[in-house]
Amino acid sequence: MNDSSEPRAALGPDGEYAAHLAEGRFMLQQCCQCERHVFFPRVLCPHCGGSQLQWTAASGGGTVYSATVVRRKPQHGGDYSVVLVDLDEGPRMMSRVEGLAPDAVRIGMRVRARIVSAPDSADSAWFVVFDPVTETLQ
Amino acid sequence: MSTANTLRGSAAIVGASLGTPGPRPGLSALDIMADAASGALREAGLTLADVDGLFVGSAYHYLSTLSAAEYLGIQPRFSDNNMVGGSSFVAHLLTAAMALATGQCNVALICYGSNQGTGFGTLKSMSEVQKYEAPYQPRYPISSYALAAARHMHQYGTTRRDLAEVAVAARAWARLNPDAQDRGPLSVDDVLAARMISDPLGLLDCCLVTDGGGALVLVRAERARDFPKPPVYVLGVAAAHWHRQISCMPDLTVTAAAESGPRAMAMAGITHRDVDVVELYDAFTINTLLFLEDLGFCAKGEGGAFVQGGGIAPGGRLPVNTNGGGLSCCHPGMYGIFLLVEAVRQLRAEAGQRQIDGANIALCHGNGGVLSSQVTAVLGGAATL
């Protein structure tokens with residue numbers, strides 16, 4: 001179904017997810033058997049055990065399920081947000097909300113995904129953060 | 001052909017020890033473990049040569065039973081290091097009971113030691129990095145518990161004051177326990193005023209970081225009365241886990257204790273009314289609320305109300321964490337063994353000032369990972385067989 005998935009198979013699920021992000025696409029796996037979405041990437045569906053998973057574009061929409069502010073000294077970068085976001089497709093992921101003070105992030109807040117790079121991280125060079133929906137509407 | 005219930009009361013704890021509690025500068029994790037193991041065997045009137053079943057949890061030794069057996073100079077016939085974080089030792093109770101019942105071993109030693117307090121000063125962990133959480137730098141493990149607390153507050157109106165009540169109750173118990181490591185006075189306002197670490201959890205919502213060791217010796221119930229101390233019987237044990245990383249926990253307000261608790265109590269054949277004393281794995285204040293609810297001591301969402309006004313403090317409606325818990329007694333990184341040793345002390349009526357009169361049944365609940373592994377055990381005195 002997805003054009004770009006075939007040549008990437010050798011990367012494995014983690015590699016394929018990362019490769020999509022590097023090219024600006026936030027993709028999720030979807031089970032061909034039960035049609036539920038899967039995150040984190042893997043080789044089988046944790047809902048039904050199905051082994052056929054296809055990559056599909058995430059809508060990018062989500063809702064903050066829970067939120068914390070990790071306290072950090074200003075000289076080390078200051079406080080930052082860590083959230084769990086329920087993606088509109090179903091899976092939940094850890095992330096952070098950017099674009100507002102960490103302590104202004106609220107459970108239930110609608111958010112939209114954005115891909116950012118982490119130049120200091122070799123393992124996950126690209127990852128998904130979220131912006132409050134009101135600030136990203138065009 | 002009942003399965004689990006045939007194990008009810010089949011194994012008994014005949015030795016329990018914390019070794020020498022408190023800071024142990026200069027000692028390694030294995031040194032501290034060996035001290036506790038030696039103490040538990042001494043209580044039982046046994047020696048290391050009698051041990052043929054070994055159960056070890058460790059955040060220091062990858063091949064923990066091998067390292068422990070080598071250090072102790074024993075060659076066990078059966079060993080198990082089922083690693084489910086801090087709940088491991090509670091889980092080992094079940095395996096030990098099975099191994100004893102089937103003749104795989106005759107004397108089971110469950111032991112633990114950690115020099116986390118003097119050696120590291122922070123949580124020692126062998127955990128792998130969670131690839132899809134690490135980019136966001138949650139503080140491990142506290143941010144995971146903070147996310148659960150925030151969700152509980154959002155969904156049920158639980159307050160930071162409710163959480164603080166848990167820490168204050170733990171301290172009140174610790175003040176009755178000479179072995180507890182933090183015994184100064186503590187008020188709700190003190191807890192609320194402590195610096196925040198990962199909202200809504202502040203410094204005093206977090207367990208201590210200490211040294212510590214613990215050990216238990218178990219034998220088959222049929223010979224348990226031949227030992228110096230009154231036997232404490234393993235009436236029920238059950239484990240459940242539903243996730244590893246917090247982002248994969250189905251509902252952050254419901255732990256797998258909701259499954260392990262009822263199974264352990266069914267195996268023991270008891271109801272909540274039978275429970276005299278409760279020992280819960282309180283790595284953070286939110287744990288105690290979640291486990292009181294999930295184990296059925298109060299309804300979901302009512303943990304805050306349950307602990308208000310000293311509900312679980314000395315003289316409250318339910319004695320919880322009578323040693324002072326991980327919050328005020330000790331927390332060397334894997335706390336599960338301390339739940340069990342305190343329960344044994346209570347059931348033998350050896351708990352001094354903090355003794356619950358006539359304690360006959362104790363419920364212990366271990367937690368591992370980030371609310372991930374949940375293991376419940378029901379222990380009882382002779383009258384419960």
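Good morning. Chain B has a mean pLDDT of 97, and 99% of its residues reach 70 or more; pLDDT is the predictor's confidence in each residue, from 0 to 100. The model is predicted, so to speak of local features requires pLDDT of at least 70 and side-chain atom pairs count only at pLDDT 80 or more, while totals for chains, interfaces and linings use all residues. Residues are numbered from 1 along each chain as its sequence is written, with chains lettered from A and ligands numbered from 1 in the order in which they are written. The scores are ipTM 0.95 and pTM 0.96.

I turn to the interface. Here 21 residues of chain A are in contact with 21 residues of chain B, contact meaning C-beta atoms, placed from the backbone, within 7 Å. On the chain A side, strands E4 (61-70), E5 (80-87) and E6 (92-95) each give two or more residues; strands (E, at least two residues) and helices (H or I, at least four) are DSSP runs, numbered from the N terminus. E4(A) provides the largest share, six residues.

Next, a helix pair within chain B. The axes of H5 (residues 142-156) and H9 (residues 285-294) of chain B come within 9 Å and cross at roughly 55°; axes are lines fitted to C-alpha atoms, for helices over the stretch in contact, with angles from 0 to 180 degrees between N-to-C directions. H5(B) is therefore oblique to H9(B), oblique being whatever is left after under 35 degrees (roughly parallel), over 145 (roughly antiparallel) and 65 to 115 (roughly perpendicular). From H5(B), B:Tyr145, B:Ala148, B:Ala149 and B:His152 meet B:Ile286, B:Leu289 and B:Leu290 of H9(B).

Note on methods:
Two residues are in contact if their C-beta atoms, placed from the backbone, lie within 7 Å.
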